[in-house]
Amino acid sequence: MTKGKVNIRTIVAVLALLGGVAYLIVSSISETGVYYRTVSEVLASPTLDRALRVSGKVVEGTVNVNQERLFLAFEVSDLEDRTKTLKAIYSGVVPDAFKEDAEVILEGSYDRASNTFNAVTLLAKCPSKYVADASQTEASAEKEHGR
Amino acid sequence: MSQFGSYTIYLALAFSLASIVALLLGVSKNDFRYLLSGRRSLAFTALFTTLAAAAMTYLFAADRFDIEYVYSYSDRALPLFYKLTAFWAGQRGSLLFWAWVLSLFALVVVYNTRQDLENRTTPYIYLVLGGTLSFFLYLLATISDPFAVIPGGVVPPDGKGLNPLLQNPGMIFHPPTLFLGYVGFTVPFAYAVAAMVTGKVDETWLRKTRIWNVLSWVFLSIGIILGGQWAYVELGWGGYWAWDPVENASFIPWLVATAFIHTAIIQERRNIMRVWNMVLIVLTFVLCIFGTYLVRSGILQSVHDFGATGLGGFFLFFMFFVMLVGIVLISASYRDLRTDHSLESFLSRESTFLFNNVVLLALAFSTLFGTMFPLISEAVTGNKLTVSQPFFNRVNTPLFLSLILITGLCPLIGWRKASTDNLKKNFLMPLAAMGSGTAVLFVLGVRGVYPLLAFALSIFVAATIGREFWSGTRARARLTGEGALVAFPRLLWNMRRRYGGFVAHLGMVLMVIGITGSNAYKVENQATLQKGQSMSVGEYTLRYDRLGKYSDRNREVYVATLAVFREGQPVGVIRPEKRFYSKADQPTTEVSLRSTLLEDLYVTMPTIGDRTVVTVRAAVNPLVIWVWIGAFIMVGGGVMAVIPRWKRKGEIREIPES
């Protein structure tokens, strides 16, 4: 494909295609993009018009499960500042890794008036059991067996 | 034994570095003896890397929990074959596996080129292989030592165990096949670099690496599909693909590799797109390294996020280095790579290959962009904006549909320049088939733009392939006097290179049908049931009859028995499970499937409550099985296309120039 012999129609078609792809990407980001926030950031930010993804920790003693109605309510604290919390409600089945003190990622919308996060999806992460980070493995190995 | 393991890594590294030195000396001094010792060093690298892999396997089998890696991923209660597959459960073992496979591939290349040491390209091929090996062996010898013992000399009585999600037959095949694919592309990359360094940039390197390209693509495809199947039966959310960052990390090189194996055909046939192919093979190799890196680096949140270490810098450096080498070599040999020929016409088979490439690369780009977007947006705006499934579905679905369209157009348009008369004749049957098939589907109640389009295009492509099969069979039958039933398989076998491609496309069409059906017509329901209660999903009714419990090896398993009725008729029972592993602090939800050619009934039991009350989640996933069948046919087509022709006795061999 050299010496300017490439058919002009081919070039136009390729450019049109690439333009279409660029448009799709840009428009899809503005329509499906989700802000990733910590609990503190959610509490602090003034405007929240977009869908949110929030990571935090399940506060001990706040989990309320209604298996009959497949309803789950709990409080989530900031990963670093444990005093900052918000309420979360979720309809659906409880993920396997969900429990008190587990790290969770919620996706949904936040209502400031009631300080409640209405989660559409709920992901739970098992606490660092399988993290193979060298330093952590060593530390935990020592903790468990070094005595 | 752990020291033995470490020593083998050190020796392997020493030999791979020695091979680099010897080869460089050999090339610069033009001394055959150095080249010979460089090649021998490469073979020794393979020997010691193999011993390291054997040592690792032994350590797992022997429950040597003084080794940090074994301690982290195994325990005594683990069944033996999971102990052995725990080899690649973590990042260190994965890197060792990478290095081991690459060293074996290097050995194969050494064997294949045993007569070719006079050939000027051969030392450079060895150099690239030795260099890549050295990189991985260096990581294994330093920051990612799989044989490291737990500091302080403590020997834990038992290991931490393998993540229950990894205790699935998928663990045996999914990671190794994916790695075989990743590693395999190192060989064509090495040939491409050697071709550019020596200025022998004709299509020789492509012909010699065709089998590597296609088989690596086959392994990558199998790896991705097995991953999807594993997710489907193990993760319990009813899907096989979530545009998860690590899924994307394997899918992006697959897309570029797919583009590459298509334009490689063009270069072999028409001797055009030579620059383009060099770009694609460099990109494929870099993306394979990137995929390996992404799985184990933990820079992105993902279901595969089983580990994190400070490997990132090394990998980024290596990728950057490879890119740089690629850019320098391609621009330096640009003159040689340029060709006088070009795409002559818009309406030609060549241009359908070009558009296939544009679309595949656009898919690769949008997938890469979406995957990296959180990092990009945080760096640019300070806000972490993430995109997930909706983004990928929105952007990639139209691209996939145009890709299917191009697949159908390609065989209908002749090489070079197609005449209008010809086109009319060729398009008639496939278009008629598409029109009538789509009308039937519409009458049957298929609605929605994307599903209708996907099915219509699938019919179109299937019709064009059927047309190829038919005209080929007819021509052969006429020529040989065979009946159609004899002529057709013989045609496929004798012209397997050509028809292998069509078979692969046919597999792709079946996958499209499965993907469309399972996405557009999925029905779901969930309910909390007491014994004797029923729930319905689609045309099925499930009656909860019993809750049982059993324990085996390293776990306790609760199993619910539900009677299944379809349109009121009993069709059997289904048994979702909840497994509590002794070494894990979270249970796993085990899917129970009732699979037919038409639909899958997919049942899980996410929660067991008080007094045997259970929560059941059920879904009807239409046509899912065609995703697996289609994938099987697709990779079968790939394999078929590279089965070598039997060599005749007394074959004519070209005499080397030197």
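**Domains and a sheet in a predicted model**

Student: Which domains does the assignment give for chain B?
Tutor: Happy to start there, keeping in mind that this model is predicted. The domain assignment of chain B gives domain 1 (1-167), domain 2 (168-408), domain 3 (419-519) and domain 4 (523-622).

Student: How many residues does domain 1 of chain B bring to its contact with domain 4 of chain B, and how do they divide?
Tutor: The C-alpha centres of these two domains of chain B are 44 Å apart. Domain 4 of chain B puts 8 residues into the contact, and domain 1 of chain B also puts in 8 residues. On the domain 1 side, these divide into 5 nonpolar, 1 polar and 2 charged.

Student: Why is one side of β2 and of β9 in chain B left without a neighbour in the sheet?
Tutor: Look at the strand order of this open sheet, which is β2-β11-β10-β9 (chain B), with antiparallel pairing. On average, neighbouring strands here are turned by 15° against each other, direction ignored. β2 (523-529) and β9 (592-595) of chain B each have a single partner strand, so one side of each has no neighbour: they stand at the edges.

Student: Which residue in β10(B) is the bridge partner of L593(B)?
Tutor: Good one to find in the structure! β9(B) pairs with strand β10 (residues 599-608) of chain B in the antiparallel sense, over 4 bridges. In β10(B), the bridge partner of L593(B) is Y602(B).

Student: What pattern does chain A follow along the sequence?
Tutor: Chain A has 147 residues, of which 28% count as buried. Its secondary structure comes to 3 helices and 7 strands. Read along the sequence, the pattern of chain A is α-β-α-β-β-β-β-β-β-α.

How values were computed
Residues numbered from 1 in each chain as written. Chains lettered and ligands numbered in written order. Predicted model: local features only at pLDDT ≥ 70, side-chain atom pairs only at ≥ 80, totals over all residues. Domains from an automatic or database assignment. Contact = placed C-beta atoms within 7 Å. Nonpolar A, V, L, I, M, F, W, Y, C, P; charged D, E, K, R; others polar. Helix = DSSP H or I, 4+ residues; strand = E, 2+ residues; numbered from the N terminus. Buried ≥ 20, exposed ≤ 12 C-beta atoms within 10 Å, placed from the backbone. Pairing = 2+ DSSP bridges. Axes fitted to C-alpha atoms, helices over the stretch in contact; angles between N-to-C directions.
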